[in-house]
Amino acid sequence: MKVLAIEGSPRQDGNSSLLLRWVTESISDMGGKVTRYCVRDLHIEPCIGCGECDATGVCVFEDDVAPILDVIADSDHLVISTPVYFYHVPSQLKAFVDRLQPLWAMEALLKKPWRRKRGGLLILATGATKGERLFEGILLTMRCVSSLLGMTMMEPILVKGVDAPGVIEGMNHIKEMAQEKAKELACF
Ligand SMILES: Cc1cc2nc3c(=O)[nH]c(=O)nc-3n(C[C@H](O)[C@H](O)[C@H](O)COP(=O)(O)O)c2cc1C
């Protein structure tokens, strides 16, 4: 099992990152191979909508994104962790999502299907408040990503009411949930 893990929080050792670590450690324990990227450590130019990829399927920017697209194509599953920022993902992670546009261009405009995977997309998200619609923005975008990548959107782990960095650490029921999700990925 090859899993690409993308850590979307700008904050090191925060709540969503810990959630991701619980999932990836379980995957590794089961013998899976995890490739992990932290968006805060990457050089990701925001999409400028130039339309170049509409014609070529390739982005004009040569930064850290293209190698990750290769890893996506080679992975069975994708796990993305993120905090809620103003009811969406942080801008660094959104910049990465927008840079998936060349894959859309390949599929929809150039009719050159890239290597579609049939694995799962697992979203792990944390937010400080407890409103019913707290994760709606994130999930809408991520459903779009799963459809683009040909992956099945798995039931996400969404944790409300966590704010201070690492406060999730002592929440053993959440840790168990993360470990169960890793097992689900393995059986997918
Ligand atoms: C810029 C910014 C915007 C935020 N917006 C929201 C929000 O809209 N709703 C919410 O419940 N929490 C919001 N939060 C709180 C974070 O979602 C919360 O602290 C989360 O657990 C952080 O996860 P992390 O430790 O993985 O970064 C925001 C935090 C920041 C810094």
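## Overall fold

The radius of gyration is taken over C-alpha atoms, and the globule rule is 2.2 Å times the number of residues to the power 0.38. For 188 residues, that rule puts a compact globule near 16 Å; the chain has 16 Å, which agrees. The C-alpha trace spans about 50 × 35 × 30 Å along its principal axes.

This is a predicted model: local features need pLDDT of at least 70, side-chain atom pairs count only at pLDDT 80 or more, and totals for chains, interfaces and linings use all residues. Residues are numbered from 1 along each chain as its sequence is written.

The chain has 7 helices and 6 strands. Helices (H or I, at least four residues) and strands (E, at least two) are DSSP runs, numbered from the N terminus. Their order from the N terminus is β-α-β-α-α-β-α-α-β-α-β-β-α. Two residues are in contact if their C-beta atoms, placed from the backbone, lie within 7 Å. Of the contacts with a separation of 6 or more, 79% join residues 24 or more positions apart.

## Strand β3

A residue is buried if 20 or more other C-beta atoms lie within 10 Å of its own, exposed if 12 or fewer, and partly exposed in between; C-beta atoms are placed from the backbone. Buried residues make up 37% of the chain. In β3 (residues 77-83), 7 of the 7 residues are buried, so the strand is largely enclosed by the rest of the structure. Both faces are covered. His77, Val79, Ser81 and Pro83 lie on one side, and Leu78, Ile80 and Thr82 on the other.

Two strands pair if DSSP finds at least two bridges between them. Strand β1 (residues 2-7) runs parallel to β3, joined by 5 bridges. Here Glu7 is partnered by Ser81. Strand β4 (residues 120-126) also runs parallel to β3, through 6 bridges. Val79 has Leu122 as its bridge partner in β4.

## Nonpolar core

A nonpolar core is a set of buried Ala, Val, Leu, Ile, Met, Phe, Trp, Tyr and Cys residues joined through C-beta atoms within 7 Å. The largest has 45 residues, and Leu19, Val23, Val79, Ile123 and Leu124 have the most contacts inside it. Helix α1 gives the largest share, 6 residues. Leaving out residues up to four places away in sequence, Val79 touches Val3, Ala5, Leu20, Val23, Leu122 and Leu124.

## Ligand shell

Around the ligand are 19 residues, of which Gly14, Ser16, Pro83, Gly127 and Thr129 come nearest. A residue counts as near if its C-beta atom, placed from the backbone, lies within 6 Å. Helix α1 (residues 15-29) gives the most to this shell, with 3 residues.
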